[in-house]
Amino acid sequence: MKHIDKKTSQALRLLAVAATLGLAGLTVHAEEESPLKGWSVYMGGAYIHVNVAPNHFSNAGTPLDQAQAAHGTTAGLAVDDKATVGFGIVYRFNPKWSAELALGIPPEHSVTGTDAIQSFGQVALVKQAPPTAFLNYHFDEVLPGFSPFVGLGVNYTKFIRTRSTQAGDAAAGGPTKIKLSPSWGLGGHVGGTYQIDDHWSVVGTVAYVDVKSTVTNTTESNTGDGPVTVVRKDKLNFRPLTYTLSVGYAF
């Protein structure tokens with residue numbers, strides 16, 4: 001019986017040593033893996049550069065529109081750039097792939113007239129909310145702590161507040177209400193992450209999304225024959241390019 005107990009004791013010691021070595025191996029393996037997994041959030045600055053494609057309103061048939069058409073000129077719109085606060089949430093599936101929802105405080109853009117109404121200056125103000133969902137691929141580190149990534153996604157832009165200015169009403173010939181249709185479009189971005197430690201990081205991106213909308217201006221005008229309602233439409237391709245720089249925190 002003592003001989004059996006001795007052999008049992010030796011076996012237990014061997015199992016203990018094997019278990020210790022196994023745990024040590026798992027620890028080393030975990031340390032070698034990237035800590036960039038699970039949920040993270042970020043917040044920072046965003047600058048939206050808007051490059052509206054050439055556009056013009058449809059001829060509504062008013063004397064003003066007819067006079068502009070006779071001189072070969074039409075009325076168009078341009079949208080100014082805007083800075084805002086950007087934030088979002090990211091889920092890292094593994095060191096290579098992540099899903100991201102990019103958000104931000106809705107910026108309000110100044111809209112100016114072009115061509116026939118250029119002299120009126122600011123004709124409208126437009127506030128938009130453009131959430132975008134990305135699927136990102138992360139490359140290996142190219143410098144200590146720094147790794148680039150690329151992403152493709154889908155954007156939805158909702159124009160949550162639009163209003164004509166006094167100059168806009170004058171350009172249209174009377175009090176004007178503005179409506180822009182929402183936009184669905186593809187988006188893409190490139191960026192880089194500098195990992196400060198297991199939790200904190202700095203992230204920079206450049207993003208382009210396809211944002212197109214139909215703007216409808218409804219003007220209550222008086223052409224001399226009494227009050228009339230004039231409806232003008234224009235198709236806008238905003239072509240926005242957004243630059244962001246943020247601080248991220250991983251849980």
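Predicted model: local features only at pLDDT ≥ 70, side-chain atom pairs only at ≥ 80, totals over all residues.

Tutor: Strand β9, residues 176-180, has a covered face made of Thr176, Ile178 and Leu180, while Lys177 and Lys179 form its uncovered face. Strand β9 runs antiparallel to strand β12 (residues 212-222), and five bridges join them. Within that pairing, Ile178 stands opposite Asn217 of β12.

Now the charged pairs. Side chains of opposite charge can pair when their charged atoms come close. Across the whole structure, a search finds two salt bridges.

One of them joins Lys96 to Asp140, with 2.6 Å between the closest N and O atoms. This pair links distant parts of the chain, 44 residues apart: Lys96 sits in the loop between β3 (82-92) and β4 (97-104), and Asp140 in the loop between β7 (132-138) and β8 (146-164). Lys96 has a relative accessible area of 25% and is partly exposed. Asp140 has 55% relative accessibility, over the 50% cut-off, so Asp140 counts as exposed.

The other salt bridge is formed by the side chains of Arg161 and Glu108, at 3.1 Å from N to O. Arg161 belongs to strand β8 and Glu108 to strand β5 (residues 108-115), so this pair ties together parts that are 53 residues apart in sequence. Arg161 is partly exposed, with a relative accessible area of 43%. Glu108 is partly exposed too, its relative accessible area being 23%.

Technical notes
Residues numbered from 1 in each chain as written. Heavy atoms only, no water. Buried < 20%, exposed > 50% of the residue type's maximum accessible area, 1.4 Å probe, protein only. Helix = DSSP H or I, 4+ residues; strand = E, 2+ residues; numbered from the N terminus. Pairing = 2+ DSSP bridges. Salt bridge = Lys/Arg side-chain N within 4 Å of Asp/Glu carboxyl O.
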